[in-house]
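Biologist: I would like to learn how to read a model of this kind feature by feature, with the general idea set out before each case. Could you take me through it?

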Number of protein chains: 2
Amino acid sequence: MRATVIHAPGDIRVEDAPEPKILKPTDAIIRTVATCVCGSDLWPYRGLEPVGDPHPMGHEYVGIVEEVGSEVAGVKPGQFVVGSFATSDNTCANCQKGWQSSCLNREFMGTCQAEYVRIPNAHGTLVATDEHPSGDLVPSLLAVSDVMGTGWYAALAAEVRPGSTAVVVGDGAVGLCGVIAAKELGAEQIIAMSRHESRQKLALEFGATDIVSERGADGIARIKDLTGGIGADSVLECVGTPESMRQALHSARPGGNVGFVGVPHEVTLDGQELFFSQVGLRGGPAPVRRYLPDLIDRVLSGRINPGKVFDLTLPLEQVAEGYKAMDERRAIKALLKP
Amino acid sequence: MRATVIHAPGDIRVEDAPEPKILKPTDAIIRTVATCVCGSDLWPYRGLEPVGDPHPMGHEYVGIVEEVGSEVAGVKPGQFVVGSFATSDNTCANCQKGWQSSCLNREFMGTCQAEYVRIPNAHGTLVATDEHPSGDLVPSLLAVSDVMGTGWYAALAAEVRPGSTAVVVGDGAVGLCGVIAAKELGAEQIIAMSRHESRQKLALEFGATDIVSERGADGIARIKDLTGGIGADSVLECVGTPESMRQALHSARPGGNVGFVGVPHEVTLDGQELFFSQVGLRGGPAPVRRYLPDLIDRVLSGRINPGKVFDLTLPLEQVAEGYKAMDERRAIKALLKP
């Protein structure tokens, strides 16, 4: 089969690789219908995380089940399935409390930019749709497997509630999906921080009520202006840099909440500053599995259309161009067709 | 009048001082019925915070209103009142959302270990009881003005709910009041971390179901053992050191919450570690004013008795001995009678 391998920063290739096999009775093999490039894939691509030995890439996927291990119930060959970047048995103590992304048997996916993928913990990870969805729904279902699930978690971690004021820091695919989530959860005011016209436009289409293009002290001042002088109830931090975290923490009012879903890189927090801010903080890899049934329903019913974040569609063979376009911010997110 | 002044680490004196006067129309003057020494007073006493010029001390108080400014309604001379260490107008945008300890007109108290005290923002800060309480209720009402209100906030920030498992890190007066709060809010399992027999005993009396005397990695392992292997739903951090914060964060399960109320000293948090823990975190000076009516009711009805944390009662003249006894951990908390 054809599969994506990173060799070094900036060096992404599609190569021949052996098809994956069932290794454990809880595994499944899927044939990918669509996969994509994630903002977090850019960390090693940009050399901001070590690459190490050449290795496969990709953790977002929808596909058709090809084969299941002997202990996999609930999904069967031929079904269209949506999964998550973090696999989960859906039975351990953390899963039972709804924190499947901290499953005690969690394995992170990392080989999905390929024609076939082995899914560990398949029974607890994959959710099948009743029928094969039409092609126009595939991008949104793919988005649900990561960026929409992550934006949803950001909004819940930031405790967005009906009538809330919400700020979204970051105009990547996750941030834009965070706008959708804030809207769906009833936020009355949704301020998207963005300096890119096409992303501003999509944010407004997804439900943003205000756009703030300033950053740093000016950005914080604008947020205060827009939120009665005290800051927002909820802030969704969707980047993961020291600057974006600072922006987020200073955009929330005392008693407000920051949900942070950008994997933090070189972010440290001062305990006393956090203390006096009285801002609540929760981050982490999104427990996407908890949200899958609900989010798939919202997509299939046409209520949300997060697939719009894919503004570039490429054959898998051109994955390198997908990375490049996202790195150069020419594309929000690249969908790959195997 | 007689008032407490800190001159240098370890050097606490009672001196003659002018009686306070109304400075603003929103001020009140109270005659203290009881005041006390706080764990946070020990930071400068121990030289862990700079003392600077000699200055008054104390921020916990109950008393009788002597005089009110022209704009103070709601409380009047002769009433018994309970206040908070952070004054609040109770009308600003933060106060209206219940975050009075971040009142836009907040002034922190700092002159309360004295016979008379000026209370800024008196109308929004002080809550009067219907009648003068009997003397045996005074310690608990005094506790409500800080340590009980702070323990209550810790439990709410840690999202203690009926059926929760809760861990309390710190066996000072705030931690012990945190046990009361966790019990009142319905926690099913309350694990108090303490190595001191008298404090363990009081924790059990207040509702703790388990005592853990280990610290560090052993302490964390014990907590995991007691909480089904994953950690507690709620952790109340009531100390403020790097060690206690680490203990708290590692005692909470993914999706659990840490409420931190010990003012952090030299505490920094690693963003990525916090991210992958999926622990929610909220700290700050407790919005005691929000809780005062409820907590006063619970004291007057005999439902809670946080005044038991005062295991040493001294005349104001002997305040230095109160600091010394707390510093040496001979006393949990010293009540002072002016």
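**Reading the model, feature by feature**

Modeller: Let us begin with B:Ser164, which is found in the loop between H5 and E9 of chain B, where helices (H or I, at least four residues) and strands (E, at least two) are DSSP runs numbered from the N terminus. This is a predicted model, in which local features need pLDDT of at least 70 and side-chain atom pairs count only at pLDDT 80 or more, while totals for chains, interfaces and linings use all residues. Residues are numbered from 1 along each chain as its sequence is written, chains are lettered from A and ligands numbered from 1 in the order in which they are written, and side-chain values use heavy atoms, with hydrogens and water left out.

Biologist: Is B:Ser164 buried or exposed, and which residues does B:Ser164 touch?

Modeller: Buried means under 20% relative accessible area, exposed over 50% and partly exposed in between, with a 1.4 Å probe and protein chains only. B:Ser164 has a relative accessible area of 5% and is therefore buried. Leaving aside residues up to four places away in sequence, B:Ser164 touches B:Glu159, B:Gly186, B:Ala187, B:Glu188, B:Gln189, B:Asp233 and B:Ser234, contact being heavy atoms within 4.5 Å.

Biologist: What is the phi of B:Glu159, and where is the place of this residue?

Modeller: Most residues other than glycine have a negative phi. B:Glu159 has a positive value, near 55°, and sits in the loop between H5 and strand E9 (165-169) of chain B. B:Glu159 is partly exposed, with a relative accessible area of 22%. In chain A, the phi of A:Glu159 is likewise positive, near 55°, and A:Glu159 is partly exposed at 22%.

Biologist: How should I read a helix such as H11(B), and which of its residues are buried?

Modeller: An α-helix has 3.6 residues a turn, so residues three or four places apart point the same way. The buried residues of H11(B) are B:Val288, B:Arg289, B:Tyr291, B:Leu292, B:Leu295, B:Ile296, B:Arg298 and B:Val299, and they pack against elements of chain B including strand E6 (80-82), helix H4 (138-144) and helix H6 (173-184). H11 (residues 288-300) of chain B has 13 residues and reaches 17 Å from its first C-alpha to its last, close to the 18 Å expected at 1.5 Å a residue, the expected span being 1.5 Å times one less than the number of residues. There is also a kink of about 35° centred on B:Asp294, where the bend is the angle between axes fitted to the seven residues ending at a residue and the seven starting there. After H11(B) comes B:Gly302, with a positive phi near 80°.

Biologist: And for a strand, which residues of E15 of chain B lie on each side?

Modeller: In a regular strand the side chains alternate between the two faces of the sheet. In strand E15 (residues 280-283) of chain B, B:Gly280 and B:Arg282 are on one side and B:Leu281 and B:Gly283 on the other, all of them buried, and both faces are covered. Strand E13 (residues 252-260) of chain B runs parallel to E15(B) and is joined to it by four bridges, two strands counting as paired if DSSP finds at least two bridges between them. Within this pairing, B:Val258 has B:Leu281 as its bridge partner.
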